[in-house]
Amino acid sequence: MTVRLRAHHLLCMLTFIGEGYTPAFVSNFKEIAREIRGGRTLAEIVQGPDDLCFPLLHEAVCHCHHPNVLLRDARAAADLSDLLRSPIGPGKELLLTEDVLQTLRRSFADGTIRSACLDCQWKPLCDMVAENNFHGTLILPLTPTSNETVDSSSHS
Ligand code: SF4
């Protein structure tokens, strides 16, 4: 699957725990997060509103074209280009493997790729999620619960 993402949403997806601007935004984000969690999603970087923005585009107040948000994209693109040693910008395709996502999480947690987050209303929440080792985020791979753990010795 290919998901169209603006650059700063490569950060926001890391801390998404099911909260957002509107119920429609959250529902759409959850669907995309489920895809990304599989580790085989191709992100196509776009300029301006992307697949996550889509449910907000018809809202009376839509910030997706706001210059501050475009600046956030530019900052994220610069940080991520440095981190991944490859230009991140419109037209770039990036396979979101679990290795890549882990690299992004590590750099998010240590602050290396957070310049886009300056002045963002969600920053306190995202800081807390990162400090909590991204627990509860929707793109973390599913891990078996104790009930789901298979005791291989019982099948021998
Ligand atoms: S602080 Fe804002 S820009 Fe940064 S990851 Fe969170 S929601 Fe995205």
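**Figure 1. Helices α1 and α5 at the ligand in the predicted model.** In this predicted model, the helices α1 (9–12) and α5 (123–131) each contribute at least two residues to the shell around the ligand. The residues around the ligand are His8, Leu11, Cys12, Thr15, Arg72, Ala116, Cys117, Cys120, Trp122, Lys123 and Cys126. By class, the residues of this shell comprise seven nonpolar, two polar and two charged.

**Figure 2. Thr15, a member of the ligand shell in the loop between α1 and α2.** Thr15 is among the residues around the ligand, and its place in the chain is the loop between α1 and α2. Thr15 counts as buried because 24 C-beta neighbours lie inside 10 Å, where 20 or more are required for that class. Once neighbours within four places in sequence are left aside, the contacts of Thr15 are with Cys126, Val129, Ala130 and Thr137; of these, Cys126 is also listed among the residues around the ligand. The C-alpha atoms of Thr15 and Cys64, which are 49 residues apart along the chain, are separated by 19 Å.

Figure 3. The open sheet is formed by three strands in the order β1-β2-β3, with mixed pairing. The strands β1 (2–6) and β3 (93–96) are the edge strands, each of them pairing on one side only, and from one strand to the next the twist averages 35°. Helix α2 packs on the sheet and touches β1, β2 and β3, its direction making about 115° with that of β1.

**Figure 4. Bridges between the strands of the sheet.** Strands of a sheet pair through backbone hydrogen bonds, in either a parallel or an antiparallel sense. In this model the pairing of β1 with β2 is parallel and extends over five bridges, whereas β2 and β3 pair in the antiparallel sense over four bridges.

**Figure 5. The largest nonpolar core and the surroundings of Leu10.** The largest nonpolar core holds 29 residues, of which Ala7, Leu10, Leu11, Met13, Ala33, Ala76 and Leu80 touch the most other members. Two or more residues of this core come from each of the elements α1, α2 (23–37), β2 (41–46), α3 (67–84) and α4 (98–109), and α2 gives the most, with four residues. When residues up to four places away in sequence are not counted, Leu10 touches Leu5, Ala43, Ala76, Leu80 and Leu104. Leu11, named above for its contacts within the core, is also one of the residues around the ligand.

**Figure 6. Leu71 in helix α3.** Leu71 lies in helix α3, and this leucine counts as partly exposed because 15 C-beta neighbours are found inside 10 Å, a count that falls between the limit of 12 or fewer for exposed residues and that of 20 or more for buried ones. Between the C-alpha atoms of Leu71 and Asp99, which are 28 residues apart along the chain, the separation is 27 Å.

Figure 7. Ser115 has its place in the loop between α4 and α5 and counts as partly exposed, because 16 C-beta neighbours lie inside 10 Å. Leaving aside neighbours within four places in sequence, Ser115 is in contact with Arg75 and Asp79. The C-alpha atoms of Ser115 and Ala78 are separated by 9.2 Å, although these two residues are 37 residues apart along the chain.

**Figure 8. Asp119 and Asn133, two residues with positive phi.** Most residues other than glycine have a negative phi. In Asp119, however, phi is near 70°, a positive value in a residue other than glycine, and in Asn133 phi is likewise positive, near 60°. Asp119 is found in the loop between α4 and α5, while Asn133 lies in the segment after α5. Asp119 is exposed because 9 other C-beta atoms lie within 10 Å, and Asn133 counts as exposed because its C-beta neighbours inside 10 Å number 11; the limit for this class is 12 or fewer.

Notes. Residues are numbered from 1 along each chain as its sequence is written. This is a predicted model: local features need pLDDT of at least 70, side-chain atom pairs count only at pLDDT 80 or more; totals for chains, interfaces and linings use all residues. A residue is near a molecule or strand if its C-beta atom, placed from the backbone, lies within 6 Å of it. Ala, Val, Leu, Ile, Met, Phe, Trp, Tyr, Cys and Pro count as nonpolar, Asp, Glu, Lys and Arg as charged, and the others, Gly among them, as polar. A nonpolar core is a set of buried Ala, Val, Leu, Ile, Met, Phe, Trp, Tyr and Cys residues joined through C-beta atoms within 7 Å. Two residues are in contact if their C-beta atoms, placed from the backbone, lie within 7 Å. Two strands pair if DSSP finds at least two bridges between them. Axes are lines fitted to C-alpha atoms, for helices over the stretch in contact, and angles run from 0 to 180 degrees between N-to-C directions.
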